[in-house]
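The sequence and structure come first, followed by the computed geometry.

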Amino acid sequence: MQKIFDELNSLDKRCYEEFALTEDILMEHAANAMSLHIQENYQDKKTILIVCGSGNNGADGIALARLLYKKYKINLYLSSQPKSKMAILQYKRVQLLGINTIDTLEESDIVIDCIFGSGLNRALDKNSIKLIEQLNSFDSVKISCDIPSGINSDGQVEDNAFFADTTITMGALKTSLYTDVSKDYVGNVIVANLALSREIYEVDTDKYLLEEKDIILPFRNKKNTHKGSYGHLNVVVGCKKGAGIIAAKAAFGFGAGLVSVVSHEDLDLPYHIMQSHFLSENCSAIGIGMGLGKYELNEVKEILSKEIPTIIDADLFYEDVILDVLHKDVVLTPHPKEFCALLKLCDIANINIDTLQANRFLYVEKFTNKYPNVILLLKGANVIIANDKTMYINPLGSSILSKGGSGDVLSGLIASLLAQRYKPLDAAIHASLAHTLAASKYKKNDYSLIPSDLVEEVKKL
């Protein structure tokens, strides 16, 4: 698990004030980190095009040109003349070394994007858009310094952005790297240390990046157990029966000792899934909402009134009855459209999906500020899991999961861990990691996944 920050200016300032470091020292470490990455990974490449803007991101690139000079053929291109104090200084250094700039872009083995950094707070001008489009057209290894140019400080892309294979971000991870929009541009993200270890450079935060190593699977370490030791999950099945049945199958495959579906009509179920018309007496967790449709709301209200760990998904985000449980530590798993409906129900915001997607962290924060007990899992290219003031980002998902039924599998995984007495926040985190990691291990064509494939991959983790 790594820390994420909304801004790093305060962290840099702390380096200057508390540790007597300078902007120049931090920049040299930034450039050196990029240089080492290139030399360690691209010894077979011969030519490097470094494209620099007028500010400190450009200064990083100019310093990089100096460090790589003579080791590679360096093509240094200035998209505009150096303006910041450090850019002017770094440019003077490369001139004294005899490094010349080029006037015309040349396709090279490696392209380094140092045009804009993470502080971009305006729309790109026509020349910048044209420049980025040309760089994107090159058949080169593409590396961005700090953040791909065109992604602004809020992680939004207004016109276009540089498509990086690797982003070497400076000092610490930034929230803007983990918006859904950014995911197509950032590639593999690497953090460059700036004259201090990250343990010293970084301070406390309320945002964290989840990693594969963070997962805690429900392995059975005790020998003296029985099926009841691993909980009895009840999944409420509504008019779209498949969704609830998928969730039930996923839950059983993820370790729940017993799984019953609650339905008033007879269902064709696998032999290991039980059926009941009402909640079981020994029910240890509830999954509800998946394919629920127009279920009797009084019955839903009665189910939700139980003091039993509960995950809520899908159709219930459009019903007022959900407001009755938002004081509890329930797990909610909406996709963006459902979250917009929930925000409206809660009188937080009346927005469309585009507005939400451009400001995901903002609206998650608004919701969890109002309902600090709820565990919210907002689905997306980068999953956000939030509780009270803290957010966790799962960046491990892929478009493989963009299929009907994938969300029902996730609901079943979370419900299974709730039944096995995981704390609700832990259940959401570890089920989300299992869900995305299972998809990443699917070996067939990325368009071909069906829910049962995903469950099978979960079993192999």
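## Salt bridges

E202 is buried, with a relative accessible area of 10%, where buried means under 20% relative accessible area, exposed over 50% and partly exposed in between (1.4 Å probe, protein chains only). The side chain of E202 meets that of R198 in a salt bridge at 3.1 Å, N to O, the term standing for a side-chain nitrogen of Lys or Arg within 4 Å of a carboxyl oxygen of Asp or Glu. The model is predicted, so local features need pLDDT of at least 70 and side-chain atom pairs count only at pLDDT 80 or more, while totals for chains, interfaces and linings use all residues. Residues are numbered from 1 along each chain as its sequence is written, and side-chain values use heavy atoms, with hydrogens and water left out.

By this rule there are 17 salt bridges. Among them, K379 and D313 meet at 3.4 Å, N to O, and this pair links distant parts of the chain, 66 residues apart, with K379 in the loop between β16 (375–378) and β17 (383–387) and D313 in the loop between β14 (310–312) and β15 (331–332); helices (H or I, at least four residues) and strands (E, at least two) are DSSP runs, numbered from the N terminus. K379 is buried at 15% relative accessible area, and D313 is buried at 3%.

## Aromatic pairs

The count comes to 4 aromatic pairs, where rings of Phe, Tyr and Trp (its six-membered ring) pair if their centres lie within 6.5 Å, and planes under 30 degrees apart count as stacked, over 60 as edge-to-face and the rest as tilted. F163 and Y185 are stacked, at 4.5 Å centre to centre and 20° between the planes. F163 is partly exposed at 38% relative accessibility, whereas Y185 is buried at 13%.

## The second largest pocket

The second largest pocket has a volume of about 650 Å³, the space filled by probe spheres set on grid points joined across faces, edges and corners. On a 1 Å grid over the protein atoms alone, a pocket is an open set of points where a 1.4 Å probe fits, with protein on both sides within 12 Å along at least five of seven lines, and lining residues have an atom within 4 Å of a point.

This pocket is lined by 28 residues, of which H335, K379, L401, S406 and G407 lie nearest its centre. The largest share of the lining, 4 residues, comes from α13.
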